[in-house]
Amino acid sequence: MRKSVMPAENLKMFVTVLELLQTESALPSIVTFSQNIDNMLGLGVPLCKITEFCGAAGVGKTQLCMQLCVDVQIPIVFGGVGGEALYVDTEGCFSPQRVIDMAEAAISHCQRITEEEHSNN
């Protein structure tokens, strides 16, 4: 009979449910800068989880996903997560110009935040 002993360096490969919950709770969320959407999602779209948006055609699912691709890249100093995005378009409805418009609006929003902070100091 062979006895299997796990080497000490492999012991931390396993985490408890409590540790996993604490790790997930500490992660920031992707803010949308829409208070209604952020509140519905519990202060933004959670990281490291799958979030499904569903609804009838034309309700804005694609627009929301494109906006999230922009928002995830907002630097931490502006309340973002400073992440990266990959958009996979399976229906051929991706609009580069729309994403550019969204990115320009996000930049303007961040500039306004900076200007407000400077004027308050």
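This is a predicted model: local features need pLDDT of at least 70, side-chain atom pairs count only at pLDDT 80 or more; totals for chains, interfaces and linings use all residues.
1. Cysteine 48 counts as exposed because its relative accessibility is 70% (exposed means over 50% relative accessible area, buried under 20%, partly exposed in between, with a 1.4 Å probe and protein chains only). Cysteine 48 is not a glycine, yet its phi is positive, at about 60 degrees. The residue sits in the loop between E2 and helix H3 (61-71); helices (H or I, at least four residues) and strands (E, at least two) are DSSP runs, numbered from the N terminus.

2. Residues are numbered from 1 along each chain as its sequence is written, and side-chain values use heavy atoms, with hydrogens and water left out.

3. Leucine 43 also deserves a remark on its backbone. Its phi is positive, about 75 degrees, although leucine 43 is not a glycine. It belongs to the loop between helix H2 (35-40) and strand E2 (45-46), and it counts as exposed, with 63% relative accessibility.

4. Glycine 42 is placed in the loop between H2 and E2. With a relative accessible area of 47%, glycine 42 is partly exposed.

5. By the rule applied here, the count is one salt bridge (a side-chain nitrogen of Lys or Arg within 4 Å of a carboxyl oxygen of Asp or Glu). It joins the side chains of glutamate 24 and lysine 49, at 3.5 Å from N to O. The pair links distant parts of the chain, 25 residues apart: glutamate 24 is in helix H1 (residues 17-26), and lysine 49 is in the loop between E2 and H3. Glutamate 24 is partly exposed at 31% relative accessibility; lysine 49 is partly exposed at 47% relative accessible area.

6. The largest pocket has a volume of about 360 Å³. A pocket is defined on a 1 Å grid over the protein atoms alone, as an open set of points where a 1.4 Å probe fits, with protein on both sides within 12 Å along at least five of seven lines; lining residues have an atom within 4 Å of a point. Grid points are joined across faces, edges and corners, and the volume is the space filled by probe spheres set on the points. The lining includes Phe53, Lys61, Cys65, Tyr87 and Asp89. By class it has seven nonpolar, two polar and three charged residues (Ala, Val, Leu, Ile, Met, Phe, Trp, Tyr, Cys and Pro count as nonpolar, Asp, Glu, Lys and Arg as charged, and the others, Gly among them, as polar).

7. The second largest pocket holds about 200 Å³ of space. Among the residues lining it are Ile30, Cys48, Lys49, Phe53 and Cys65. E2 and H3 are the elements that give two or more residues to this lining. Its classes are 10 nonpolar, one polar and one charged.

8. Helix H4 (residues 96-120) has 25 residues and spans 36 Å from its first C-alpha to its last, close to the 36 Å expected at 1.5 Å a residue (the expected span is 1.5 Å times one less than the number of residues). Its buried residues are Val99, Met102, Ala106, Cys110 and Ile113. H3 is included in what covers them, where contact means heavy atoms within 4.5 Å.
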